[in-house]
Amino acid sequence: MKTLIVGSIGLDTIKTPFGEKKDILGGSAIYSATAASFFSEVILVAPAGDDFPQESVDFLQSRKIDLSALHKIAGPTFRWTGYYEYDMNQAHTVETKLNALSNFDPVIPEKHRDTPYVFLANLDPTLQLKVIDQLKKPKFIIADTMNFWIESKREILHEVVKKVDFMILNDAEIRQFMETPNIPLAAKRLIELGCKGVIVKKGEHGALFFTKDSHFSAPSYPQEMLKDPTGAGDSFGGGFIGYLARTDNISEENIRKAIVVGSVIASFNVEDFSLERMKTLKHKEIISRYEMIRKYSEFEALNIPNWG
Ligand code: AMP
């Protein structure tokens with residue numbers, strides 16, 4: 001099954017305690033499409049300015065990502081400048097230059113409108129709604145967002161929540177969006193707004209999953225080689241939707257697996273800047289890290305003799 005991914009293409013300037021890079025390939029759609037491409041055919045819908053480097057196009061093609069709906073926009077590509085301190089769970093934005101993103105009007109080509117699995121990566125929620133309106137009976141839509149849009153387009157984000165199956169946010173974002181420090185309560189409020197499930201990414205601490213009647217807590221991989229967390233959330237989302245599309249199964253059991261798959265891909269992505277680690281990642285590495293996480297989180301039923 002195919003996956004449609006809509007989001008940003010960015011040239012990021014990033015500083016972490018482990019280095020500094022200027023104008024490197026990034027953007028929510030790029031990280032998520034690359035992650036999804038390990039599992040599924042991906043159609044990328046995103047805006048590239050006229051300075052978007054050919055070598056980045058070549059990279060996306062090498063991942064067999066369908067670029068027929070890449071929107072070429074006159075002027076510079078979207079740019080994001082940010083930094084991380086020792087707590088790398090927290091990205092600090094220095095500057096956001098929307099550039100091509102502000103002239104992006106996503107048009108889904110007719111032949112792709114019935115793509116069954118859809119990831120609305122972090123993007124202006126007005127555009128996320130425009131995409132939803134063009135889709136023909138998708139099996140599953142999941143949408144991401146961030147503080148930038150929660151602050152500027154809260155009401156429109158509510159409309160997105162009503163029209164998707166799942167929302168995926170990080171812990172700080174869901175607290176901010178639902179105006180409570182309590183994550184389970186925030187997830188409950190989000191579900192009451194209209195979506196069926198909520199995935200909360202907790203950076204190096206794993207992820208939580210909520211529906212109206214169930215809860216799952218996914219462990220994280222104890223990553224010692226963290227260099228740059230940029231794109232962790234997007235590659236999580238991309239791995240999640242790519243795996244779901246590949247297996248074409250949206251049972252709760254399979255969604256739990258997809259969450260751990262997303263977590264595994266994200267854990268590789270943070271080992272280097274930009275998409276560098278994704279370039280060398282092998283299927284067998286994904287499987288072996290998935291198994292490690294599975295083992296780390298196994299535990300037996302409580303059985304204390306003569307007690308309780
Ligand atoms: P994350 O997975 O949350 O680390 O996402 C990082 C990516 O989000 C970076 O590569 C940025 O280019 C992109 N980004 C940052 N701000 C925005 C924004 N306001 N809208 C869309 N994409 C953004």
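**Reading a predicted model, one feature at a time**

Biologist: Let's start on the outside. Which residues form a nonpolar patch on the surface?

Modeller: Leu302, Ile304 and Trp307 do, and together they have about 390 Å² of accessible area. Keep in mind that this is a predicted model.

Biologist: Take Leu302. Is leucine 302 buried or exposed?

Modeller: The idea is to look at relative accessible area, where exposed means over 50%. Leucine 302 has 75%, so it counts as exposed. You'll find leucine 302 in the segment after helix H11 (283-296).

Biologist: And what about a whole helix? How many residues of helix H1 are buried?

Modeller: For buried, the cut-off is under 20% relative accessible area. Helix H1, residues 28-36, is mostly covered, with 9 of its 9 residues buried. Among them are Ile30, Tyr31 and Thr34.

Biologist: Now the ligand. Which residues come nearest to the ligand?

Modeller: Start with the shell of residues around the ligand, which has 16 members here. Ser8, Asp12, Gly27, Gly231 and Asp234 come nearest.

Biologist: What do those contacts look like, atom by atom?

Modeller: Look for pairs of polar atoms. A polar side-chain atom of aspartate 12 sits 2.4 Å from an oxygen atom of the ligand. For aspartate 234, a polar side-chain atom is 2.8 Å from a ligand oxygen.

Biologist: How much of the ligand's accessible area does the protein cover?

Modeller: On its own the ligand has 510 Å² of accessible area, and the protein covers 89% of that. Strand E6 (78-83), helix H4 (147-152) and helix H8 (232-247) are the elements that give two or more residues to the shell. The largest share comes from H8, with 3 residues.

Biologist: How do the shell residues divide into nonpolar, polar and charged?

Modeller: There are 7 nonpolar, 7 polar and 2 charged residues around the ligand.

Biologist: Next, salt bridges. How many salt bridges does the whole structure have?

Modeller: To find one, look for a side-chain nitrogen of Lys or Arg within 4 Å of a carboxyl oxygen of Asp or Glu. A search here turns up 20. One of the pairs is lysine 130 with aspartate 105, whose closest N and O atoms are 2.9 Å apart.

Biologist: Why does the pair of lysine 130 and aspartate 105 tie separate parts together?

Modeller: Lysine 130 is in helix H3 (residues 125-134) and aspartate 105 is in the loop between strand E7 (92-97) and strand E8 (117-120), so the bridge ties together parts 25 residues apart in sequence. Lysine 130 is partly exposed at 36% relative accessible area, and aspartate 105 is partly exposed at 39%.

Biologist: Which residue does lysine 136 meet in a salt bridge?

Modeller: Glutamate 110, at 2.5 Å from N to O. Lysine 136 lies in the loop between H3 and strand E9 (140-144) and glutamate 110 in the loop between E7 and E8, so this pair links parts 26 residues apart in sequence. Lysine 136 is partly exposed at 44%, and glutamate 110 is partly exposed at 49%.

Biologist: What about glutamate 271 and arginine 277: are they buried or exposed?

Modeller: Use the same cut-offs as before. Glutamate 271 is buried at 9% relative accessibility, and arginine 277 is buried at 14%. Their side chains meet in a salt bridge, 2.8 Å from N to O.

Biologist: Which residues are linked in a network of salt bridges?

Modeller: That would be Lys22, Asp23, Asp51 and Arg79.

Notes:
Residues numbered from 1 in each chain as written. Predicted model: local features only at pLDDT ≥ 70, side-chain atom pairs only at ≥ 80, totals over all residues. Heavy atoms only, no water. Near = heavy atom within 4 Å. Polar contact = N/O pair within 3.5 Å; in protein donor to acceptor, adjacent residues only side chain to side chain. Areas by Shrake-Rupley, 256 points an atom, 1.4 Å probe, with all protein chains shown as cover. Helix = DSSP H or I, 4+ residues; strand = E, 2+ residues; numbered from the N terminus. Nonpolar A, V, L, I, M, F, W, Y, C, P; charged D, E, K, R; others polar. Patch = residues over 30% accessible without salt bridge, like charges linked within 9 Å, V, L, I, M, F, W, Y side chains within 5 Å. Buried < 20%, exposed > 50% of the residue type's maximum accessible area, 1.4 Å probe, protein only.
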